[in-house]
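Colleague: I have a model open on my screen and would like to learn how to read it. Could you take me through it feature by feature?

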Amino acid sequence: MTAQTPPTPPFRDPRLPFAKRIDDLLARLTPGEKVGFLHQYAPAVERLGVAAFRTGQEALHGVAWMGPATVFPQAVGLGATWNEDLVRRVGDAVSKEVRAMRARDDRVGLNVWSPTVNLLRHPLWGRNEEGYSEDPELTSAIATAYTRGLRGDHRRTGARRPSSSTGSPTTTRRGATSRRPRCARASCTSTTCVPSVRRSRRVRWRA
């Protein structure tokens with residue numbers, strides 16, 4: 001007498017809609033396992049056969065923090081080139097190196113945290129090297145070029161650009177975060193200074 005093979009759980013059935021598979025998996029996870037998935041390095045859930053995975057990787061100027069790779073200038077340096085074609089080629093090279101790393105280790109994801117398109121409006125931010133410039137037109141052009149390099153020309157190649165703060169324009173009502181633009185005048189305490197907001201909305205970022 002042979003043991004029966006247990007049925008395939010719905011979350012592993014590729015024929016089902018993606019949303020149904022997610023709902024099924026979430027229903028099987030304990031609260032502790034769900035909390036574990038909130039971290040960048042998600043642990044394995046062995047009882048469900050879910051392997052450990054990484055949600056994303058830094059790729060502002062290369063992926064050398066994950067292993068041997070090309071180190072490009074910081075984003076503010078790339079912005080200073082004013083060269084969209086060059087930055088697109090940098091994005092293309094980063095995309096290929098991310099793919100190569102994933103081929104060696106499937107825990108390396110293709111969701112990269114780049115580009116940062118927040119405008120460099122305040123020197124006290126402390127991380128201005130991660131953005132391209134204070135100018136919305138230059139930032140949108142360079143960010144678009146880098147994203148197109150990451151994405152590639154085919155839907156099945158390249159890396160995926162993220163959403164959230166690294167993949168969206170600077171906004172003016174983001175709660176208590178360090179990325180809110182402030183007026184440069186010492187007497188101004190507004191986070192939505194009209195001249196600054198008007199200029200930052202002039203150019204829409206798209207890729």
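Predicted model: local features only at pLDDT ≥ 70, side-chain atom pairs only at ≥ 80, totals over all residues.

Colleague: Thanks! How many helices and strands does the protein have?

Modeller: Helices (H or I, at least four residues) and strands (E, at least two) are DSSP runs, numbered from the N terminus. Here there are 6 helices and 4 strands. Starting at the N terminus, their order is α-α-β-β-β-α-α-β-α-α.

Colleague: And what share of the residues is buried?

Modeller: Buried means under 20% relative accessible area, exposed over 50%, and partly exposed in between, with a 1.4 Å probe and protein chains only. Of the 207 residues in this protein, 38% are buried.

Colleague: Let's look at one helix. What span does H5 reach from its first C-alpha to its last?

Modeller: The expected span of a helix is 1.5 Å times one less than its number of residues. H5 covers residues 136-151, 16 residues in total, and reaches 22 Å, close to the 22 Å expected.

Colleague: Is H5 mostly covered or mostly open?

Modeller: Mostly covered: 12 of its 16 residues are buried. Among them are Pro 136, Leu 138, Ile 142, Tyr 146 and Leu 150. Arg 151, also in H5, is partly exposed, because its relative accessible area is 39%.

Colleague: What happens at the two ends of H5?

Modeller: At the start, a side-chain oxygen of Asp 135 comes to within 3.1 Å of the backbone nitrogen of Glu 137. After the helix comes Gly 152, with a positive phi near 80°.

Colleague: Which backbone atom does the side chain of Ser 140 reach?

Modeller: For a polar contact, look for a pair of N or O atoms within 3.5 Å; within protein, one must be able to donate a hydrogen and the other to accept it, and residues adjacent in sequence count only if both atoms are side-chain atoms. The Ser 140 side chain reaches the backbone oxygen of Glu 137 at 2.9 Å. Ser 140 lies in H5 and counts as buried because its relative accessible area is 11%.

Colleague: On to charges: how many salt bridges does a search of the whole structure find?

Modeller: A salt bridge is a side-chain nitrogen of Lys or Arg within 4 Å of a carboxyl oxygen of Asp or Glu. The search finds 7. One of them pairs Glu 33 with Arg 47, whose closest N and O atoms are 2.8 Å apart. This pair links distant parts of the chain, with Glu 33 in helix H2 (residues 31-36) and Arg 47 in the loop between strand S1 (41-42) and strand S2 (53-54), 14 residues apart. Glu 33 is buried, at 19% relative accessible area.

Colleague: Why are Asp 85 and Arg 88 separated by about one helical turn?

Modeller: Because they are 3 residues apart in helix H4 (residues 84-104). Asp 85 is partly exposed at 41%, and Arg 88 is partly exposed at 34%.

Colleague: Finally, which residues form a nonpolar patch on the surface?

Modeller: Patches are made of residues with over 30% relative accessible area and no salt bridge, where like charges are joined within 9 Å and nonpolar side chains (Val, Leu, Ile, Met, Phe, Trp, Tyr) within 5 Å. Accessible areas come from the Shrake-Rupley method with a 1.4 Å probe, and for residues only the protein chains shown count as cover. Phe 18, Ile 22 and Leu 26 form such a patch, with about 300 Å² of accessible area together. Phe 18 sits in helix H1 (residues 18-28) and is exposed, with a relative accessible area of 62%.

Notes. Residues numbered from 1 in each chain as written. Heavy atoms only, no water.
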